[in-house]
Amino acid sequence: MSDSIADIVNGVVDGSLSDELVIDWLRDIFENGLDENSTIFLTKAMRDSGKVLAWPKDWSHLVVDKHSTGGVGDKVSIILAPALAACGLKVPMISGRGLGHTGGTLDKLESIAGFRVDLSINELQKQVGEIGFAMVGQTDSLTPADRRMYALRDVTSTVASIPLITSSIVSKKAAEGISALVLDVKYGRAAFMTEREQAEALSQSMADAANGMGIATSVVLSTMDQPLGCAVGNALEIVESVETLCGRGPHDIEELVCVQAGILLAASGIAENMEEGALMIHNSLNDGSAFTKFLDMVEAQGGNRNDFASDHAMLSSLGLLGDDLLSTEIYTEKKGWIKDIDAMSIALACLELGSGRKTLSDSVDHAVGAIIEAQVGDEVEIGDPLVVIFHREELPDGLSEKISSAFSVSLEQVMVESRISQIIG
Ligand code: URA
């Protein structure tokens with residue numbers, strides 16, 4: 001079985017297998033699944049289809065990464081990577097772009113003037129050695145099998161298969177040469193997996209594959225019903241990331257950063273346990289060391305650290321102060337406590353205004369987005385602000401009403417729950 005999987009993956013990469021044959025094979029996995037061992041063989045073969053990064057022996061055990069299945073307002077990576085570097089870990093983070101209602105880390109970073117995400121493998125490795133981390137896009141030399149397989153899955157509706165998602169995601173992370181990985185698997189109405197059972201099955205499959213390849217892997221299962229934090233939209237999310245890197249971030253974002261990064265610090269032996277790791281990360285957000293690492297990355301990847309010297313300089317360089325950027329505030333017509341904010345409605349409204357891509361070839365408007373002003377659990381009076389929308393043209397008819405109806409208000413006090421429902425591993 002392992003030989004035949006390796007042969008097929010070779011045929012995918014060298015082009016000796018036609019699209020039709022690859023599609024038949026993918027469809028067979030989509031319909032009939034793959035057992036745990038075969039999923040590990042497939043993941044290894046995909047990792048080995050291209051270059052696998054190697055790191056100096058004296059710190060290769062410190063090389064780690066995280067992956068999120070994506071959500072609305074999810075800027076955790078942009079805070080977690082510099083905070084981990086500030087605590088002594090090495091993070092060669094390779095991320096993706098946004099599509100549909102979810103944003104992408106690369107699009108958020110490209111809000112920063114001059115920022116380059118297209119580093120070569122040599123540049124990536126040099127930067128990780130020098131400042132401890134880099135945040136970049138996929139390169140052609142890593143996991144070429146995934147590129148062809150994903151493109152064929154995309155056009156044949158065979159993306160939603162647990163073994164295929166597992167091998168796609170885990171092979172890309174394994175090719176970074178990491179020793180520990182944390183997976184943030186989200187479920188809920190604005191997640192890739194809406195049901196918790198599906199998310200648990202995917203978590204187990206990805207953790208089994210990554211652990212089976214010698215990567216110490218844990219999963220944080222978290223809810224994605226409401227937007228994460230207050231900011232949705234590329235440049236606005238950079239502002240909120242900077243706030244969090246300076247110890248002033250929203251509680252839900254900081255909790256996810258501290259828990260996921262704490263797990264990685266414990267897995268690499270820098271912290272005794274997750275709690276100690278989480279405290280180290282919390283301290284790095286409050287003593288300026290995580291923010292300094294972020295500025296080091298901005299400078300190393302083509303941006304200007306002085307753009308973050310004051311709020312005015314930051315907002316101006318991120319394009320959030322231009323005269324052509326309009327803002328519309330939406331107010332509540334009900335009194336009570338905010339019970340729910342439908343992340344999907346907020347994300348689709350921002351997408352319609354140009355903050356994201358409907359198809360891969362669309363361009364994004366980095367300044368467009370929303371700032372949520374009343375969070376779940378907040379008490380509101382009639383006329384209190386709920387959200388500010390940043391947009392270029394007049395809002396289309398009915399959009400304000402759609403955004404307003406994303407907020408539910410209860411007459412009874414609402415308790416705020418942690419987004420983390422389970423930690424596996
Ligand atoms: N993201 C990936 O990188 N691969 C998948 O298969 C699904 C989501």
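In this predicted model, Lys66 is buried yet takes part in no salt bridge. Lys66 is located in strand S1 (residues 64-68), and its side chain instead makes a polar contact of 3.1 Å with the side chain of Ser77.

Elsewhere, the structure contains 25 salt bridges. One of them joins the side chains of Arg97 and Glu110, with an N to O distance of 2.9 Å. Arg97 occupies the loop between strand S2 (91-94) and helix H5 (105-109), and Glu110 the loop between H5 and helix H6 (121-131); the pair therefore ties together parts 13 residues apart in sequence. Arg97 is partly exposed at 40% relative accessibility, as is Glu110 at 28%. Both residues belong to a network of salt bridges that also includes Asp107 and Arg357.

A further salt bridge connects Asp146 with Lys172, whose closest N and O atoms are 3.1 Å apart. Because Asp146 lies in helix H7 (residues 144-155) and Lys172 in helix H8 (residues 162-174), this pair ties together parts 26 residues apart in sequence. Asp146 is buried, with a relative accessible area of 5%, whereas Lys172 is partly exposed at 23%.

Asp365 and Arg392 likewise form a salt bridge, at 2.7 Å between the closest N and O atoms. These residues are 27 positions apart and link distant parts of the chain.

Methods. Residues numbered from 1 in each chain as written. Predicted model: local features only at pLDDT ≥ 70, side-chain atom pairs only at ≥ 80, totals over all residues. Heavy atoms only, no water. Helix = DSSP H or I, 4+ residues; strand = E, 2+ residues; numbered from the N terminus. Buried < 20%, exposed > 50% of the residue type's maximum accessible area, 1.4 Å probe, protein only. Lys, Arg positive; Asp, Glu negative; His and termini not counted. Salt bridge = Lys/Arg side-chain N within 4 Å of Asp/Glu carboxyl O. Polar contact = N/O pair within 3.5 Å; in protein donor to acceptor, adjacent residues only side chain to side chain.
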